[in-house]
Amino acid sequence: MSRVRADEEEYWHSSKFRAFTFDDEDDELSQLKESKRTVNSLRDIVDDDDDDLERVSWSGEPVGSISWSIKETASGSTSSLDGRDSSLQKGSSSYAALPKQGSSYSLSSLFKGRNKLSSFQSLSDALSDTGVKSYAPELRRPRAEYKDYSSDWSPKDTVRRMQRGKVLIFLKRTLRREILFRELEVRQVALCHLIHFLREMGEQKFLLDLLRFLDRTEEVALSQYREHLNIQDVEKRREFLKGCIGLPFSAEDTSHIQDHYTLLERQIIIEANDRHLEMAGQSELFRKYPRKASILNMPLVTTLFYSCFYHYTEAEGMFSSPTNLKKTFKIPDKQYVLTALAARAKLRAWGDVDALLTTKNWLGYTKKKAPIGFHRVVEILQRNNAPVQVLQEYVRLVEDVDTRLNLATKYKCHDVVIETYRDLKDRIQLTAYKDKVERGSAEEEKIHSILSNMQIRWKN
Amino acid sequence: MAFAGRRDAPEPPDFGILKRLARDQLVYLLEQLPGKKDLFIEADLMSPLDRIANVSILKQHDVDKLYKVETRPAPGASDQFCFLVRPRVRTMRFIADVTCDEWSFYLLPLDEDIISMELPEFFRDYFLEGDHRWINPVARALQLLNSLYGPFGKTYGIGRCAKMSYELWRDLEDESESEVQGRKPEIGHVFLMDRDMDYVTALCSQVVYEGLVDDTFRIKCGSVDFGPDVTSSDKSIKVLLNSQDKVFSEIRNEHFSSVFGFLSQKSRNLQAQYDRRRGMDIKQMKDFVSQELKGLKQEHRLLSLHIGACESIMKKKTKQDFQETIKAEHSLLEGFDIRESTSFIEEHIDRQVSPIESLRLMCLLSITENGLVPKDYRSLKTQYLQSYGPEHLLTFHNLKRIGLLTEQSAGDTLTAVESKVSKLVTDRAAGKITDAFNSLARKSNFRAISKKLGLIPRLDGEYDLKMPRDMAYVFGGAYVPLSCKIIEQVLERRGWQGLEEVVRLLNGNEFCVSDSAVEDNPACESQRVILAVFLGGCTFSEIAALRFLGKERGCKFIFLTTAITNSARMMEAMIEAKG
């Protein structure tokens with residue numbers, strides 16, 4: 001708790017003046033904080049009648065509102081609106097003030113065209129409509145006149161009729177498919193409408209027939225693949241995905257579909273195993289960190305995280321081992337390190353973190369390497385509350401001096417700050433830093449000894 | 001519109017009429033069904049309905065209970081049901097056998113200068129599916145506005161949907177007998193624009209206050225739910241955000257950095273006002289309580305809410321590396337360090353920061369660069385599928401189709417595509433025509449347009465965000481929103497002359513029509529009121545930019561949009577829903 005408070009204090013006070021940024025060390029924030037204090041200090045005066053908050057503050061009517069009322073009905077309140085009269089009186093007064101019938105925009109004039117324009121009849125109405133032919137005059141014209149309609153530019157009649165979809169529904173029910181398809185082929189707008197309509201209605205078979213007829217093979221494949229989203233049962237979904245592999249996707253997408261199938265296949269195996277492990281209660285890891293959700297249908301990176309968390313040390317031969325996943329799905333190094341790092345840091349397995357970032361060259365020398373940049377490493381470790389000793393080892397490796405100083409100061413890696421100022425031969429900053437370390441600490445000692453080192457040629 | 005000399009912007013017309021009209025018609029419809037009835041409302045319509053009516057109005061017209069469309073009526077309920085739904089196949093199928101009437105509720109005034117059609121699905125239906133079903137409501141909305149606030153003098157527009165809507169509207173006007181000529185207009189000109197003329201602006205992170213609030217908390221139908229982290233209590237508060245909110249109205253259009261100073265000034269003033277009580281005698285105190293206290297209390301509540309909102313925004317944005325993201329965005333807009341931005345996006349994906357955000361950045365990269373280099377496209381796509389799930393294969397297909405995220409093909413110049421299209425129009429292979437049109441839509445030509453219109457301000461020294469000098473302030477001084485720049489240019493030139501190259505790069509479909517019957521009198525106030533119509537959605541940043549332009553040029557912009565949008569809503573519309 002105290003640590004949090006101290007952090008917060010520093011958050012607000014460690015500000016230098018700079019142009020506005022959305023970074024956390026910013027001057028503007030102290031202004032905000034101060035405004036908040038001012039406003040809060042006035043709260044005692046204001047808070048005496050908190051109940052009328054809505055009434056006083058907002059012109060919206062939260063209590064009499066429709067959304068509110070629907071929530072009430074949904075929550076099982078069986079009383080009808082009459083029962084809530086008292087609370088609604090407020091709102092009704094506003095209505096009384098409104099012109100009812102005698103408004104200058106008379107209702108009769110408004111609804112003059114209502115029947116003519118009434119755009120929405122039920123679908124059955126639309127179909128039994130005897131005048132249906134008049135909705136599609138362009139279809140009765142000779143071919144030569146089709147020119148206008150075959151482009152995407154649709155004249156008003158089509159637009160208006162298409163908006164209702166009546167033409168298409170009618171034609172769809174009455175014409176033989178081949179004829180309908182052929183007619184639509186030259187009418188792009190109508191075609192789009194029918195495809196959209198079929199999607200909305202979920203008429204998958206009809207849709208696929210149409211797309212096949214149009215020779216849109218990729219769309220056929222995608223439409224079929226899309227169906228997997230509706231399959232809840234994982235075994236069935238896996239089977240379905242297997243069938244998708246042979247669909248006419250582009251080469252690139254075929255490999256994605258293949259990966260999707262393989263991933264789900266693996267997840268099913270891992271899930272069965274781990275559920276068993278967890279239930280048996282034998283594994284300390286599962287006991288200590290019970291699984292929050294099943295791994296089924298999760299993305300690959302999430303699966304990799306999971307496997308780095310629960311199955312890190314497994315041999316490559318196991319489906320659940322991180323290295324197996326990395327190989328199978330050709331996960332790039334960068335992605336792998338990022339994910340493994342996050343997982344191991346979450347477990348506070350600092351040894352694993354170290355190993356992950358250590359490489360050996362052919363002579364056997366070890367070297368620290370991070371494909372994601374050490375500033376990211378630091379950020380991930382810090383988010384997982386790594387101790388300063390661990391953190392500072394990686395802060396030291398941040399290449400850019402400014403970033404390094406920034407991170408070191410932010411996370412109180414005193415040694416790194418001191419050494420960096422020494423290397424920069426910046427006596428002024430180093431001297432100033434004395435105030436930031438504890439009095440009588442080893443760090444203070446270190447600063448003193450550096451400052452009194454006669455061999456350093458200070459730049460200032 | 002005369003830009004010469006600074007004049008005060010005219011007042012906007014009263015759009016309260018629109019609410020009253022919708023309410024009257026709803027009442028009329030309810031009266032068509034005499035006796036007790038239960039009302040079923042589609043979820044999407046609940047918030048808009050709330051803005052024009054309330055429970056007591058419904059009750060006065062014998063509505064007994066209210067339900068969401070999905071829920072089933074309780075047994076023993078009224079024997080009459082009334083459904084308020086949008087004409088969607090799926091909902092209609094659920095309701096099955098009914099008689100229908102139309103409630104022509106097209107226009108919801110969200111504020112004194114914003115009218116929304118509350119049709120978020122317009123974007124996907126038209127631009128992705130190619131479905132024209134919403135063009136009719138747009139045309140009828142224009143007809144209604146023209147009859148109430150017109151006749152409009154000049155109509156400008158760009159985009160295919162804009163053109164179709166305009167023509168359908170003219171046809172409706174020709175058919176109707178109503179006579180609007182001779183009235184004194186309140187709106188002078190109309191500008192219609194398709195969203196696909198400018199995806200870039202809609203994809204950028206918003207940094208004006210209202211935009212940030214929308215990006216962070218989602219403003220729905222003009223109001224926002226501030227959660228416990230904002231209210232510093234255990235409850236959420238629903239707040240109406242409009243010009244009536246005295247604190248909000250002063251900060252909504254400001255760059256976020258100016259907001260803090262304003263709030264701090266305001267809270268100090270408030271404190272001073274309260275402090276005056278100290279020296280008061282009883283009489284003065286009485287006056288204070290009866291006259292001022294209520295107003296001060298309200299101001300206090302507003303202040304503490306907006307301060308809370310600012311804090312919450314800062315906290316969230318700091319966590320998300322917002323500064324880094326904005327830096328990457330600016331590089332993309334300016335077109336330098338593309339490699340670096342690409343690796344930033346790659347890392348964003350690898351770290352699973354947010355599926356929507358990653359997608360947004362990829363689209364921004366694609367659209368500013370006229371498509372991704374094939375190698376990058378493949379690798380980013382693969383990594384995205386690995387990080388966020390393989391089913392996003394479908395999302396990528398959608399984005400390609402709509403032209404938001406595409407792959408460059410070798411030697412694919414605009415002229416080549418154009419000749420391909422003209423050749424294919426006569427070709428009967430329909431699939432190929434679509435492909436050709438799609439690849440045409442794909443070309444954003446952003447870089448060339450940006451250069452032509454000077455969208456990236458040249459900077460000498462720091463851009464003073466507190467004293468903005470142009471519309472670029474809505475993006476921290478880094479970029480003038482393309483959509484707004486087009487509107488500015490066309491209004492200034494009173495047409496498209498001199499913008500031929502820009503129009504060509506935008507794929508044409510521009511128009512400019514004057515109503516000869518309307519007197520072109522620049523002295524008339526209404527000549528300086530412009531209705532800006534956004535087909536496919538408009539962002540709060542664009543609204544702020546045009547409000548700024550209006551103030552500069554002494555004119556007033558009224559916004560009519562199919563819905564308020566932002567980058568996240570656009571991306572979500574492209575994602576294939578599960579199930």
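**A strand and its surroundings**

A: Let's start with a pairing in this predicted model: strand β7 of chain B runs alongside strand β11 (residues 529-535) of chain B, parallel to it, with six bridges between them. If you want to find this pairing on your screen, look for H189(B), which stands opposite I530(B) in β11(B). Further along, D194(B) faces L535(B), again in β11(B).

β7(B) has another partner, strand β6 (residues 154-158) of chain B, and here too the pairing is parallel, this time over five bridges. Two pairs of residues mark it out: Y156(B) stands opposite F191(B), and I158(B) has M193(B) as its bridge partner. Strands in a sheet are joined in this way through backbone hydrogen bonds, in either the parallel or the antiparallel sense.

How enclosed is β7(B)? Six of the six residues in this strand (residues 189-194) are buried, so the rest of the structure largely encloses it. Side chains in a regular strand alternate between the two faces of the sheet. In β7(B) one side carries H189(B), F191(B) and M193(B), while the other carries V190(B), L192(B) and D194(B), and both sets are buried.

I158(B) is a handy landmark here: besides its bridge partner M193(B) in β7(B), I158(B) stands opposite E510(B) in β10(B).

Stepping back, these strands belong to an open sheet of seven, in the order β4-β5-β12-β11-β7-β6-β10 of chain B, with mixed pairing. The edges are taken by β4 (108-109) and β10 (510-514) of chain B; each has a single partner strand, so one side of each has no neighbour in the sheet.

A helix also belongs in this picture. α7 (residues 160-175) of chain B lies across β6, β7, β10 and β11 of chain B, and it runs at about 135° to β7(B).

Now for a second sheet, elsewhere in chain B. Three strands make up this open sheet, in the order β2-β1-β3, and their pairing is parallel. β2 (63-68) and β3 (81-84) of chain B are the edge strands, each with a single partner, so each has one side left without a neighbour in the sheet. Adjacent strands are turned against each other by 25° on average, direction ignored. Strand β1 (residues 37-41) of chain B joins β3(B) over four bridges in the parallel sense, and L39(B) has C82(B) as its bridge partner there.

Across β1, β2 and β3 of chain B lies helix α2 (residues 43-52) of chain B, running at about 105° to β1(B). Eight of the 10 residues of α2(B) are buried, so this helix is largely enclosed by the rest of the structure. Among them are L45(B), M46(B), L49(B) and I52(B), but also D50(B) and R51(B).

Helix α9 (residues 209-217) of chain B is another enclosed element: eight of its nine residues are buried, so the rest of the structure largely surrounds it. Its buried residues include Y209(B), E210(B), D214(B) and F217(B).

Finally, have a look at where the two chains meet. The axes of helix α16 (residues 217-226) of chain A and α18(B) come within 10 Å and cross at roughly 140°, and the two helices are therefore oblique to each other. The crossing is left-handed. E218(A), E219(A), L222(A), Y225(A) and R226(A) meet L393(B), L394(B) and H397(B); by class, this contact has four nonpolar, one polar and three charged residues. H392(B) sits in the loop between α17 (374-388) and α18 (393-402) of chain B. With 9% relative accessibility, H392(B) counts as buried, and beyond its neighbours within four places in sequence it touches Y384(B), L385(B) and I575(B).

Note on methods. Residues are numbered from 1 along each chain as its sequence is written. Chains are lettered from A and ligands numbered from 1 in the order in which they are written. This is a predicted model: local features need pLDDT of at least 70, side-chain atom pairs count only at pLDDT 80 or more; totals for chains, interfaces and linings use all residues. Side-chain values use heavy atoms; hydrogens and water are left out. Buried means under 20% relative accessible area, exposed over 50%, partly exposed in between (1.4 Å probe, protein chains only). Two strands pair if DSSP finds at least two bridges between them. Contact means heavy atoms within 4.5 Å. Axes are lines fitted to C-alpha atoms, for helices over the stretch in contact, and angles run from 0 to 180 degrees between N-to-C directions. Angles under 35 degrees count as roughly parallel, over 145 as roughly antiparallel, 65 to 115 as roughly perpendicular and the rest as oblique. A crossing is left-handed if the near helix is turned anticlockwise from the far one by less than a right angle, and right-handed if clockwise. Ala, Val, Leu, Ile, Met, Phe, Trp, Tyr, Cys and Pro count as nonpolar, Asp, Glu, Lys and Arg as charged, and the others, Gly among them, as polar.
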